[in-house]
Amino acid sequence: ILAFYKSTPQVVFWQFANQSFNAVVNYTNRNAKSPITNKQIAMAFGSATTTATAAAIGFKYLFKTAPSIFQRWVPFLAVAFANCINIPMMRQQEVMEGIAVVSEDGEPLGESKRATRKAMTQVCFSRILMACPGMSKASIDADLFYGILRFSFNTR
């Protein structure tokens, strides 16, 4: 995503590819006891990938005139924002119905929407944290590298 983020078609392709992968991960990590229809899956996938791609393009244009170091953070910002959209969309059945809550002994206590919100908040936060080291370091390294290249070619 970081290397091919110059043109709008590249942004669209890479965000769509990334969010498609994330949608599959979020679907497989859902509560399997929550039934979901193929129509709901298609709607969630379409909403998640479209919104994520639109956010990426929006961030790209919002930071268009910003210094290059900030422009290099756009893919990370878009991925972080998109995860916060994609996760609830792909797990919408859990959002609507709640997740099972059990006691320490494993006894079912019922369904909780509050537990769902807390769990999804933690998942979103952890996904952003997992992406942070690689994407932020790569952004900083790329800016330094291109700065060195510009300097070395301009000294002649």
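**Figure 1. Overall organisation of the chain.** Residues 24 or more positions apart account for 68% of the contacts in the chain that have a separation of 6 or more. The model shown here and in the views that follow is predicted. Its secondary structure comes to 6 helices and 2 strands, and, when the chain is read along the sequence, these elements follow the pattern α-α-α-α-α-β-β-α. Of the 156 residues of the chain, 31% count as buried.

**Figure 2. Close-up of the packing of helix H1 against helix H2.** Helix H1, which spans residues 8-28, and helix H2, which spans residues 38-62, have axes that come within 9 Å and cross at roughly 140°. An angle over 145 degrees would count as roughly antiparallel, and H1 and H2 are therefore described as oblique to each other. The crossing in which H1 passes H2 is right-handed. From H1, the residues that meet H2 are Thr8, Val11, Val12, Gln15, Phe16, Gln19, Ser20, Ala23 and Tyr27, and their counterparts in H2 are Ile41, Phe45, Thr49, Ala52, Thr53, Ala56, Ile57, Lys60 and Tyr61. By class, the residues of this contact of H1 with H2 divide into 11 nonpolar, 6 polar and 1 charged.

**Figure 3. Close-up of the packing of helix H1 against helix H4.** Helix H4 is formed by residues 74-90, and H1 packs with H4 at an angle of about 35°, the two axes lying 10 Å apart. The crossing of H1 and H4 is right-handed. On the H1 side the contact is made by Gln15, Asn18, Gln19, Asn22, Ala23, Asn26 and Tyr27, which meet Pro75, Ala78, Val79, Ala82, Asn83, Asn86, Ile87 and Met90 in H4. The residues of the contact of H1 with H4 divide into 8 nonpolar and 7 polar, with no charged residue among them.

**Figure 4. Close-up of the packing of helix H2 against helix H4.** H2 and H4 pack at an angle of about 160°, with their axes 9 Å apart, and the two helices are therefore roughly antiparallel to each other. H2 passes H4 in a right-handed crossing. In H2, the residues that take part are Ala44, Phe45, Ser47, Ala48, Thr51, Ala52, Ala55, Ala56, Phe59 and Lys60, and these meet Val74, Leu77, Ala78, Phe81, Ala82, Ile85, Asn86, Met89 and Met90 in H4. The contact of H2 with H4 has, by class, 15 nonpolar, 3 polar and 1 charged residues.

Figure 5. Arg91 is found in the loop between H4 and H5, whereas Glu94 is found within helix H5 itself, which covers residues 92-97. Arg91 has a relative accessibility of 13% and therefore counts as buried, and Glu94, at 4% relative accessibility, counts as buried too. When neighbours within four places in sequence are left aside, Arg91 is in contact with Asn26, Asn29, Arg30, Asn31, Met120 and Val123. With its own neighbours within four places in sequence likewise left aside, Glu94 is in contact with Arg30, Asn31, Ser34, Ile99, Thr116 and Met120. Arg91 and Met120 are 29 residues apart in sequence, and their C-alpha atoms are 9.0 Å apart in space.

Figure 6. Strand S1, made up of residues 99-102, and strand S2, made up of residues 108-112, run antiparallel and are joined by 4 bridges. Across the pair, Ile99 stands opposite Ser112 in S2, and Val102 stands opposite Pro108, also in S2. The hairpin has 5 residues between the strands, and in this hairpin Gly106 takes a positive phi near 90°. Ile99 is also one of the residues in contact with Glu94.

Figure 7. Phe125 has its place in helix H6, which runs over residues 113-154. At 54% relative accessibility, this residue counts as exposed, because the cut-off for that class is over 50%. Phe125 and Ala80 are 45 residues apart along the chain, and their C-alpha atoms are separated by 8.7 Å.

Methods. Residues numbered from 1 in each chain as written. Predicted model: local features only at pLDDT ≥ 70, side-chain atom pairs only at ≥ 80, totals over all residues. Heavy atoms only, no water. Axes fitted to C-alpha atoms, helices over the stretch in contact; angles between N-to-C directions. Parallel < 35°, antiparallel > 145°, perpendicular 65-115°, else oblique. Left-handed = near helix turned anticlockwise from the far one by under 90°. Contact = heavy atoms within 4.5 Å. Nonpolar A, V, L, I, M, F, W, Y, C, P; charged D, E, K, R; others polar. Pairing = 2+ DSSP bridges. Buried < 20%, exposed > 50% of the residue type's maximum accessible area, 1.4 Å probe, protein only.
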